[in-house]
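Hi,

Here is the structure I said I'd pass along.

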Amino acid sequence: MKIFFYLSIAVALLLTQISGCTPIRKEIGQAIVRQSGNLPCFSIENTEKTRAGANLKAIEVIEEQGNKIWFAEFKKSPPFTPDQCIPYGQTTDVYPAKMPAEPLVPGQVYGVTLYAPMGKYPYEAHGYTADFCLLERPGQEVIVHQVQFDSKTSRWLREVCNTGMSD
């Protein structure tokens, strides 16, 4: 019985290679969320690979339930480097909005993804992702906070967004 199982897997893999099907290749990197006025500004992690620039295709912000609240596609643009950032809701001729930005609510966690193709094939993608929120402090401006991962507890510290206190 095990031989039939392994043989069927081998045949399936062989057929996908013969038919020209290749698995989708995705890599995930970290997006960086900075402060720009009272709004978040989105960038990509600073690595050897990204310092040469990434050819961004789109930026998407979603709310906690997974609904898009802002989406922009990039037309031909120069490579995007870690020292650059895109303010939330800003659009230009280079990255026009496909979905206008909705207002951000302090205390709510949002997710951002910047999409960049990895190669000449459309099924290869590189995404830079991060979660963030806006913190409201009495008598102060709104603070943009990027949700951090706690390696000791192996979890994302989203509760900071609900308390109004940052690290």
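Below is what turned up when I went through it.

Before anything else, keep in mind that this is a predicted model.

**The overall layout**

The chain has 3 helices and 11 strands. Going along the sequence, they come in the order α-β-β-α-β-β-β-β-β-β-β-β-β-α. The chain is 167 residues long, and 33% of those residues are buried. If you take the contacts between residues at least 6 apart in sequence, 57% of them join residues at least 24 apart. As for the surface, the chain exposes about 10600 Å², with 58% of that coming from carbon and sulfur atoms.

In soluble globular proteins, nonpolar side chains tend to be buried together. Here the largest nonpolar core has 27 residues, and the ones touching the most other members are Phe42, Ile59, Val61, Ile86, Val112 and Leu114. Two or more residues come from each of β1 (25–36), β2, β3 (58–63), β4 (68–73), β7 (110–117) and β8 (124–135). Another core, of 5 residues, lies apart from it, and includes Val109, Cys133, Leu135 and Val147.

**A serine on the inside**

Ser43 sits in strand β2 (residues 39–44). Is Ser43 buried or exposed? Ser43 counts as buried because its relative accessibility is 0%, and the cut-off for buried is under 20%. So what does its side chain reach? The side chain of Ser43 gets to the backbone oxygen of Gln84, at 2.7 Å. Beyond its neighbours within four places in sequence, Ser43 is in contact with residues including Ala31, Ile32, Phe80, Pro82, Gln84 and Cys85.

**A serine on the outside**

Now for Ser154, which is in the loop between β10 (149–150) and β11 (155–156). Most residues other than glycine have a negative phi. Ser154 is not a glycine, yet its phi is positive, at about 55 degrees. Ser154 is also exposed, because its relative accessible area is 54% and exposed means over 50%.

Cheers

How values were computed: Residues numbered from 1 in each chain as written. Predicted model: local features only at pLDDT ≥ 70, side-chain atom pairs only at ≥ 80, totals over all residues. Heavy atoms only, no water. Helix = DSSP H or I, 4+ residues; strand = E, 2+ residues; numbered from the N terminus. Buried < 20%, exposed > 50% of the residue type's maximum accessible area, 1.4 Å probe, protein only. Contact = heavy atoms within 4.5 Å. Areas by Shrake-Rupley, 256 points an atom, 1.4 Å probe, with all protein chains shown as cover. Polar contact = N/O pair within 3.5 Å; in protein donor to acceptor, adjacent residues only side chain to side chain. Core = buried A, V, L, I, M, F, W, Y, C linked by side-chain atoms within 4.5 Å.
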